[in-house]
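Visitor: I would like to learn how to read the features of a model like this one. Please take them one at a time.

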Amino acid sequence: MENRKEQIIETALKRFSHFGFHKTTMNEIADDLRITKANLYYYYADKSTLILDAICKLCGDIHEGEKAIISEYAGDLIDTMHKVLEFRSEYMRRYYVLHINENLDWIKGIDITQTMDRFQKIEIELLKDLFHKAVDEGVLLLKDVDKAAETFVEIQKGLSIVHTVSDIITGIPSERNVDKIIDSQKRAINLIFGARILSKKTE
């Protein structure tokens, strides 16, 4: 059953990424899978549940990739943080239309807030891991790693909203904004952490 659900999620994500949540129908997803609508409803009783699973799959993949990048940290904090952003930007370009919700009715009935809070906590934990590595190596000056990680995630999300708010209002996505978001987030990294990077003293 899990394999079939994974196939459904992957197929649904392709539809969602091109047409958005609201404009995608369960009939279309069933047709793409070459199964009956009744068969699709056996696995997903409604579209809202499928959307939630699709979001979870997407966020999970992003965090796994970010975790892999952080695990390869080799002493250059800013470079590692830039690599994380560049990795994330690939997903943003591929699924940019998911940022645009021309109709928020699909949110009714799902605990999307709790789900997104959970993934934000994962993001904070990944960043804390990276910051601890840099602090332990003596290359980063940071008194409160936990609070710094939480604050920085909030800053990054705020910068993302700044560059997508017009698209959200109009419902017309612009993939070009991804570059603006990433550039803005990289500048924030350089501004905030550039002055906190300590040069290792050589004997």
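**Reading the helices**

Guide: Of the 203 residues in the protein chain, 43% count as buried, where buried means under 20% relative accessible area, exposed over 50% and partly exposed in between, with a 1.4 Å probe and protein chains only. This is a predicted model, in which local features need pLDDT of at least 70, side-chain atom pairs count only at pLDDT 80 or more, and totals for chains, interfaces and linings use all residues. Residues are numbered from 1 along each chain as its sequence is written, and side-chain values use heavy atoms, with hydrogens and water left out.

Visitor: How many helices and strands does the protein chain have?

Guide: Helices (H or I, at least four residues) and strands (E, at least two) are DSSP runs, numbered from the N terminus. Here there are 8 helices and 0 strands, and the pattern along the sequence is α-α-α-α-α-α-α-α. Contact means heavy atoms within 4.5 Å. Among contacts between residues at least 6 apart in sequence, 74% join residues at least 24 apart.

Visitor: What describes two packed helices?

Guide: The angle between their axes and the distance between the axes. Axes are lines fitted to C-alpha atoms, for helices over the stretch in contact, and angles run from 0 to 180 degrees between N-to-C directions. Angles under 35 degrees count as roughly parallel, over 145 as roughly antiparallel, 65 to 115 as roughly perpendicular and the rest as oblique. Take helix α4 (residues 47-71) and α6: they pack at about 0°, with axes 11 Å apart. The pair is therefore roughly parallel. The α4 side of the contact includes Leu52, Ile55, Cys56 and Cys59, and the α6 side includes Ile112, Thr115, Met116 and Phe119. By class, this contact has 11 nonpolar, 4 polar and 6 charged residues. In that count Ala, Val, Leu, Ile, Met, Phe, Trp, Tyr, Cys and Pro are nonpolar, Asp, Glu, Lys and Arg are charged, and the others, Gly among them, are polar.

Visitor: At what angle do the axes of α5 and α6 cross?

Guide: The axes of α5 (residues 77-94) and α6 (residues 112-136) come within 10 Å and cross at roughly 160°. These two helices are therefore roughly antiparallel. The crossing is right-handed; a crossing is left-handed if the near helix is turned anticlockwise from the far one by less than a right angle, and right-handed if clockwise. From α5, Leu77, Thr80, Met81 and Arg88 meet Glu123, Leu127, Leu130, Phe131 and Ala134 of α6. Those residues divide into 6 nonpolar, 1 polar and 2 charged.

Visitor: Which residues does threonine 80 touch?

Guide: Threonine 80 belongs to α5 and counts as buried at 5% relative accessibility. Leaving out residues up to four places away in sequence, threonine 80 touches Ile69, Ile70, Tyr73 and Leu130.

Visitor: How far apart are the end C-alpha atoms of α6?

Guide: The expected span of a helix is 1.5 Å times one less than its number of residues. The 25 residues of α6 should span 36 Å, and its end C-alpha atoms are 36 Å apart, which agrees. Buried residues in α6 include Ile112, Phe119, Leu126 and Leu130.

Visitor: At what angle do α5 and α8 pack?

Guide: Their angle is about 165°, with the axes 10 Å apart. That makes α5 roughly antiparallel to α8. The crossing of α5 and α8 is right-handed. By class, their contact has 10 nonpolar, 5 polar and 4 charged residues.

Visitor: Is isoleucine 182 buried or exposed?

Guide: Isoleucine 182, in helix α8 (residues 177-194), counts as buried at 8% relative accessibility. Beyond four places in sequence, isoleucine 182 touches Leu85, Ser89 and Met92. Isoleucine 182 and leucine 85 are 97 residues apart in sequence and 6.6 Å apart in space, C-alpha to C-alpha. Leu85 is also touched by glutamine 156, a residue of helix α7 (residues 145-170).
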